[in-house]
Amino acid sequence: MNKEWITELPCTDGQRRNKNTNSKTIAFFLFPELTPLDLVGPATVLEDRGFNVEYVWHNREKINTEINSFKLYPSISFDELEYVDILCVPGALDPFSIMRDEKAMRWLNKVGKNAEYVTSVCTGSIILAAAGLMNGYKAATHWLMGEYLTEFGAIPVHERVVIDRNRITGGGITAGIEFGLQLLSILRSEDEAKTMQLIMHYDPQPPFNAGTPNTAGDKITKMATDETYQLLAQKTPDYQQSIMAAKKFMEENLC
């Protein structure tokens, strides 16, 4: 019998945690087909550090992710959350489809303009840029997607974590843990971030030196590029139209 594993962050059967009104609110923006590791990495760092952590979407119904059996339950809706201290947007192989969701983009723009920090992991920075929140800011994203940051007025930087004023952006997928630790050091202290790093036993020693195009070489880079864009074309064959629609919406509503 097939089993579906459902991750509920942080609610169970509709019950909510008690909020600490003196603590900062961190809101992770959820959307269908997001990359789970973009979320789980920083959420693991930040969830039990005394913040009010919310996972926000249109409603509290479960959301599919890029991993078929890995579902997420939002903790709160857009209409219930009008202000956040820290906004965080995870990424996805396809960060473009969500750009057609006008209510979601308006919510991002509204809360992002008033947030203390506007943050992202991987291609989440492209979504932030499409929401009108990254114009003129340096930002990290997945190494293959930097051109799309440029299309929305951001400045791509090929680093694991980029801090530009109150914008903090993590690079591709696995950089989410480093992003979370960096954010924790800013919100609390370097010692607390180091403590959390040790608790998580975060001491990466990858089996291969192939995490960037420079270290992977031309052959592997071409294979990764071809595979990524093949998958993107399968998931969202009209993604270029999504980009055009997002630009038009941003020009008409968010600028």
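**Pairing, packing and burial**

Analyst: Let me begin with one pair. Thr 25 stands opposite Asn 52 in E3. The model is predicted.

User: What makes E2 and E3 a pair of strands?

Analyst: Two strands pair if at least two bridges are found between them. E2 and E3 are joined by 5 bridges, so they count as paired. The two strands run parallel.

User: How do you know that E3 also pairs with E6?

Analyst: Here the count is 2 bridges. The criterion asks for at least two, so E3 and E6 pair. E3 covers residues 52-57, and the two strands run parallel. Trp 57 stands opposite Ser 77 in E6.

User: Why is E6 called an edge strand?

Analyst: E6 (76-77) pairs on one side only. The other edge strand is E11 (161-164), which also pairs on one side only. Between these ends, the order is E6-E3-E2-E7-E8-E12-E11. The sheet is open, has 7 strands and is mixed in its pairing.

User: What makes E2 "largely enclosed"?

Analyst: The burial count. 5 of the 5 residues of E2 are buried, so the strand is largely enclosed by the rest of the structure. Thr 25, Ala 27 and Phe 29 point one way, while Ile 26 and Phe 28 point the other way. In a regular strand, side chains alternate between the two faces of the sheet.

User: Which helices lie against these strands, and at what angles?

Analyst: Helix H1 (residues 36-46) lies across E2 (25-29), E3 and E8 (117-121). H1 runs at about 165° to E2. Helix H5 (residues 175-187) packs on the sheet and touches E2, E7 (86-89), E8, E11 and E12 (167-170). The direction of H5 makes about 160° with that of E8.

User: Why is Leu 184 called buried?

Analyst: The cut-off is under 20% relative accessible area. Leu 184 has 0%, so it is buried. This residue is found in helix H5. Leaving aside neighbours within four places in sequence, its contacts include Val 45, Leu 46, Phe 51 and Met 196.

User: Asn 166 is in a loop. Why does Asn 166 count as buried?

Analyst: Asn 166 has 18% relative accessibility. Buried means under 20%, so Asn 166 qualifies. The loop in question lies between E11 and E12.

User: What makes the approach of Asn 166 to Glu 116 a polar contact?

Analyst: The side chain of Asn 166 reaches the backbone oxygen of Glu 116 at 3.1 Å.

User: How do you know that the chain agrees with a compact globule?

Analyst: With 255 residues, a compact globule would have a radius of gyration near 18 Å. The chain has 18 Å, which agrees. Its C-alpha trace spans about 50 × 50 × 45 Å along the principal axes.

User: What do burial and contacts come to over the chain?

Analyst: Buried residues make up 50% of the 255. Among contacts between residues at least 6 apart in sequence, 70% join residues at least 24 apart. The secondary structure comes to 8 helices and 12 strands.

Technical notes: Residues are numbered from 1 along each chain as its sequence is written. This is a predicted model: local features need pLDDT of at least 70, side-chain atom pairs count only at pLDDT 80 or more; totals for chains, interfaces and linings use all residues. Side-chain values use heavy atoms; hydrogens and water are left out. Helices (H or I, at least four residues) and strands (E, at least two) are DSSP runs, numbered from the N terminus. Contact means heavy atoms within 4.5 Å. Axes are lines fitted to C-alpha atoms, for helices over the stretch in contact, and angles run from 0 to 180 degrees between N-to-C directions. The radius of gyration is taken over C-alpha atoms; the globule rule is 2.2 Å times the number of residues to the power 0.38. Buried means under 20% relative accessible area, exposed over 50%, partly exposed in between (1.4 Å probe, protein chains only). A polar contact is a pair of N or O atoms within 3.5 Å; within protein, one must be able to donate a hydrogen and the other to accept it, and residues adjacent in sequence count only if both atoms are side-chain atoms.
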